[in-house]
Each structure stands twice: as structure tokens, then as C-alpha cells.
Amino acid sequence: MPAPWLAPALVLALAGPPVSFSPESLWSAWPSVRFVTMSAPCLRHAELVEWIRELEARHPGRLSVEQVGRSVEGRAIHLLILGSGPRRVLLWSQMHGDEPSATPALLDIADFVLSSPDPQAAAILEGATLLLVPMLNPDGADRYARRNAQAIDLNRDALQLTTPEGRLLKELRDRFEPELGFNLHDQDRRTTVGSTGRLATIALLAVAGDEEGTMTPGRARAKRACAAIARALEPFIPGGISRYDEDWNPRAFGDNITSWGTPVVLVESGGLPPGWTYPELTRLNFVALLSVLSGLVGNDLAGQDPQVYKTLERNQDDSWVDVLVHDGEIWQPPSGAPYRADLAFDRLDRDPLLAACDAAGPPGASRVREIGDGRFLGAAHRIDAAGRLVAPAFTASMRGLEARQWLDEEGVATLARLGVARLRWRVEADEDAEARAAAGLLEGPGWPVIEVTEAAAEGCFLEVAGRPSAPSSMQLDHVLDALTLNGWRTRAAGRPLAELLGRLSACPPAETPTPALAPDRPASFLLLRPEPRAAIGQAREAEDLSLEAVFIDGREPAAARRRR
Ligand SMILES: [Zn+2]
């Protein structure tokens, strides 16, 4: 411990030069003043408790930390109280366990307000009492799941109060009767601002307290708070702020807390603009909440025009995809000819994986969102397929347990690079268990799916004869030679290219062929380029096309292999 007379100098040294409370200064100060240095999706309950202890130790006597409840599984839920002013403001985060962005921001705000020498910090502490509940749903947070350990959505439990976490929130509301509440969530990261094609990085709602959306003085304050947030954040996410669905939700907390007398502002952190990472969402919450608290203690947000809130465009949820393969021609059975269509799909990765948290688990599956006209879709990644054919990836078969000799990680990766997305493995009954065990070791997103089946089952047109050889080029006929050790040629003799392509992606028994690339199916496809410089429609045989890229369940196989 330093001598008491050293303390103020030490605090100043830690805090660095004074930071004013303008949004621009808060935004630029955050990287150096942030208290929680973990990315929000990586923060679990045990770590949060450590951060809270550290915060308490750093501001002895200036911050009250009360364990106010426990989750279903017994995890402690804390209330942090700072300031002593008459304006009581309740802020809670992560009532949905997989919506973490505001949780670190609440601790960052507490530390910043208690450390900053700026008169605005003192004004907040003197004008308001801040009641912070970071991570209301710790059981959900530890599973990165929306619901609590009873599988109940806390935000639909405001009336029945079945959940201990929901009961706690109501108790805190009734105990403190705050004049304003902030309900801090994350929304679907593919939500857009209306049809602008821009991601809704922040969505706001001045929650109604009844079905008619009656305007009360409290709700007017909530609208001014939304206006203050929109104004503060606009420079950092131009065009990236939307208005959340306003419909009255009779079971939700925001709606009921508003009706119980505490108007609620809903803040939803959403999608990351290109180049952004999760901490930027926490940073936006930091700037937004400090700006609004500063305005609240100043003049009750008097300068904020509620019209700003009203003019925000609504959330839209069908206008953004992860990947758009555009301007290509799709060729898949039963269509006999290529047709002009874009292919849009999502990769369903969880935030902790994308945030590169430790032990985040395997990558998610893919899901086709649209086949057709994608020109109005926003996309995180675009693949220009102009002049290319987009065809379903191959389905192949192979026979006998001997295949184990080459069917290792390298063998599977080779099959994937040559375009095989599904592999039917036909074995005798007494080989079945061994084959399944071997196949189980080779499961993974971005890898071919291996289905073990009986030896008597029909083989596919594309029969893999052994370890694939290295193709002499990526010309389609050479790729097929490598996969089948030339065996495909006799079967293909005389078949038109359309029929060949159809057979490569499906196995008998042939039902009525259905398009493999269709909404809700996995995005397993090939990009084929006409050779040499032929127009798509002029390709007649396998040698007229070359395999340019392979996507298996939404990923290029090389990337899948590195991730494993
Ligand atoms: Zn939520």
C-alpha cells in the first residue's frame, strides 16, 4: 500500500490524462481505460467474479458489491452500486446467456466513473445512484445459451416468475424503484437497418408499458435516452443504428418493468461491420451508456429530441447473409441446363469460436439461405462467380474395410479438395462396427460426411477405388480420373454433360431428383470454370470444365483442415 498522501497522484497516474465525456473522447479513451480486458463472448461467470473482486479492491469504500441472488445452479449474481445521487438507474446485462457484449462494459463504466478526475464523473456519482447487474443469467452464460438452467427464457418470465434470476430482477426493481432501466442484450448479428443493406450494430427501443404504447413522462425520458445514444454512436457506426420491434410483449421484462413504473431502454448489440471484433460492441455500450448517464444527471436529457428515436429505421432480419456467391450459373438436377442464380448461405459459427476463445469447440454447420436473385442482400463475404458454374459437390461411394488403409485425415482431406462432400462406405455386416469407428474419427465440419452402409447397397456413379492419386490438372476429367482411378470413363461414355453432373452429386436408388442446393440445405458446392475460355453454355464434356474451388458445408477444405 502506498502512503495515503501518495494516493491521489497514483490514481491520476493510473487514469492517465483526463478524458472528457464527449462520445469522441470516450471512444478513443476506451482501449486504454477499459477495465475488463477479455472479449465478451469469452467471459464466463468465474472470471466475471474475479473481475468484480478486482474492481472492489481497486476502489475500496467507493463501490458496494452485494451478492443479491443465486442462479438455478447456484452461481452468485452481484449488484454493484456506485454513486449516491437521487436519480436511481438500474442496468442489467446478459439475461440471455449468449448475449454478452454489455457485461464487460458495465464494469468498464464503474471503473471509469470511479477513476476519472473529470467533473462529469463526480457529477454522475453525485447526481445518480448506479445499480449494475452484470450477467443476470450466469448459468446460460457458462453454456453460451440463451436460456437459464431450467430452459426458461428469462425475458418471458416477468409475470410467472418461475426463475430465481427473474424473481431477483423484479425484487431489485421493487426495492430501488429506479427512474430508468437499461436492459442490455445482443441481437441476431445478421439484422440490418431496414433495407439499407447495412448491419444494425446497435438497435434501440424505448419500451412501451402497455399494449397501446401510451406516452408517459417516463417513456418520454426513455425516448430521449435513445436519442442520446443514437447521437453519441452515429459517428462510429454511421447508418448502423436501428429501432427494435415495438410490439407490446406481455411476458417480457422490459415491458413489465416499464408498466411497474421504471421506464426501460432496450439496447441490442448486433452485427460487426467488416473489420470489427467483439470488443468494439462493448466499446459502443461504454460510450452509449456513459453519454446517456452524463446527460441524465446534467439536465434530464433535455436537449435530446425524441424525434431522433422515431426516425430510426426498423430492424430487418432477412437481408444479410454471411456469404454471397454472385453472378454465377447454377447447374444441378433436375434442371437440364445451367440457370442464372446467386447462392447465399450462412456459416452458423458461435460467437466464442469467432472470438477465438479457448476451447470454443468445432466450427458450425452451414445453411443455404437463398438461391435466386441476391442483388439486394448484404453480405459479409462475396464470391464473384461470373462466368462460372456452381454445382453441387460430389457424392461418392467406396467398398470394403480395406479402405481404412488410406482413409485417414490426409485421405479425407484429399477427397474434400477433389470435391467429395458425401461418401457412402459399403462394408460387410461383420465390418460395420469397425468402419463406423473409423468414420467417427473423421467427422468434422468442412469434411466429407461418411455414411457406413451394407455391402449390398448400391454404389454411386462415382466409385472411389482407393487412395486418390494426384490429378494431373484440375480439369474435371482429370479430377474424376484421380478419384476413380479412371473408372468413371466407361460409365460416362456417351452421357451428355448435364446428365454426368447430375450423377456426380447423387447416388441410387434414384428418387425423383431434388435440387441439392436449396434453402436450409448445407452449402456444399463446386465452382467450375469453362475450359479454355468457353462460355458456360458451350461446355459439352468433362474436359470442358475445370474445378476452381470446393466448399463443403460452407468451408473450403484447406481451411477446415487447418482448423481441426
Ligand atoms: Zn436477448
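I looked up the domain separation and found that the C-alpha centres of domain 1 and domain 2 lie 50 Å apart. I noted the bounds as residues 4-316 for domain 1 and residues 389-563 for domain 2. I recorded that this is a predicted model.

I then checked the confidence of the prediction. The protein has an average pLDDT of 92, and 95% of the residues score at least 70. I found pLDDT under 50 over residues 1-17, where the model has 9 contacts beyond four places in sequence. Residues 560-564 also stay under 50, and I noted 9 contacts beyond four places in sequence for that stretch. I bear in mind that where pLDDT is low, the predicted coordinates should not be read in detail.

I turned next to helix H10, which covers residues 278-299 and has 22 residues. From its first C-alpha to its last, H10 reaches 33 Å, which I compared with the 32 Å expected at 1.5 Å a residue and found to be close. Is H10 mostly covered or mostly uncovered? I found 19 of its 22 residues buried, hence mostly covered. Just after H10, I noted that Asp300 takes a positive phi of about 55°.

My last entry concerns helix H17, residues 497-504. Which residues of H17 are buried? I listed Leu501, Gly502, Arg503 and Leu504. I then asked which strands the buried residues of H17 pack against. I found strand S17 (389-392) and strand S18 (394-399) as their packing partners.

Key: Residues are numbered from 1 along each chain as its sequence is written. This is a predicted model: local features need pLDDT of at least 70, side-chain atom pairs count only at pLDDT 80 or more; totals for chains, interfaces and linings use all residues. Domain bounds come from an automatic or database domain assignment. pLDDT is the predictor's confidence in each residue, from 0 to 100. Two residues are in contact if their C-beta atoms, placed from the backbone, lie within 7 Å. A residue is buried if 20 or more other C-beta atoms lie within 10 Å of its own, exposed if 12 or fewer, and partly exposed in between; C-beta atoms are placed from the backbone. Helices (H or I, at least four residues) and strands (E, at least two) are DSSP runs, numbered from the N terminus. The expected span of a helix is 1.5 Å times one less than its number of residues.
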